[in-house]
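Try each task before reading its solution.

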Amino acid sequence: LPENPPPEDAEVSTAVFRIFQEALTNVARHAQASRVDATLTAESNQLCLTIEDDGVGIAEGELQGPKSLGLLGMIERAACLGGSVTITRGKARGTCVTIRLPFPSTPQQA
């Protein structure tokens with residue numbers, strides 16, 4: 001977790017939680033993984049959540065397949081907040097999901 005977390009925002013917090021939940025559900029259902037690493041960082045005015053497993057990896061066709069409603073939901077949830085989701089093969093094997101969301105704007109002090 002970031003040492004100095006960004007300002008709290010209920011909408012962003014809920015989106016991060018739900019996306020993380022869906023990513024872990026996908027790992028449990030499909031990945032056959034023995035390990036999952038999750039990292040939450042704050043960088044360049046963005047919140048970045050990375051979830052990487054050591055499972056079998058997602059097939060290219062599954063990214064756009066008709067059964068990929070969970071992936072579509074993650075992408076749409078991030079897009080509604082001006083963010084993005086990237087899903088790639090892991091470094092050695094498995095799948096890596098990276099979510100980037102802009103920090104909520106804080107009201108300017110007068």
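This is a predicted model, so local features need pLDDT of at least 70, side-chain atom pairs count only at pLDDT 80 or more, and totals for chains, interfaces and linings use all residues. Residues are numbered from 1 along each chain as its sequence is written, and side-chain values use heavy atoms, with hydrogens and water left out.

**Exercise 1. Describe the hairpin of strand 1 and strand 2.**

Start with the strands (DSSP runs of E, at least two residues, numbered from the N terminus). Strand 1 covers residues 36–43 and strand 2 covers residues 46–53. Next, check the pairing, which takes at least two DSSP bridges between two strands. Here 8 bridges join them, and the strands run antiparallel. Finally, look at the turn. It has 2 residues between the strands, and Ser-44 takes a positive phi near 50°.

**Exercise 2. Find which residues of helix 3 are buried and which are exposed.**

Step one is the helix itself (a DSSP run of H or I, at least four residues). Helix 3 spans residues 69–80. Its 12 residues reach 16 Å from first C-alpha to last, close to the expected 16 Å. That expected span is 1.5 Å times one less than the number of residues.

Step two is accessibility. Buried means under 20% relative accessible area, exposed over 50%, and partly exposed in between (1.4 Å probe, protein chains only). Gly-70, Leu-71, Met-74 and Ala-78 are buried. They sit on the same side of helix 3, because they cover an arc of only 105° around the axis. The arc is that of the directions from the helix axis to the C-beta atoms.

Gly-73 is partly exposed, at 32%. After the helix comes Gly-82, with a positive phi near 80°.

**Exercise 3. Search for disulfides, then examine Cys-96.**

A disulfide is a pair of cysteine sulfur atoms within 2.5 Å. The whole structure has 0. For Cys-96, the nearest cysteine sulfur belongs to Cys-48, 8.8 Å away. Cys-96 is buried, with a relative accessible area of 11%. Cys-80 is exposed, at 69%.

**Exercise 4. List what Thr-98 touches.**

Thr-98 lies in strand 4, residues 95–102. Thr-98 is buried, at 17%. Contact means heavy atoms within 4.5 Å. Leaving out residues up to four places away in sequence, Thr-98 touches Cys-48, Leu-49, Thr-50, Ser-84, Val-85 and Thr-86.
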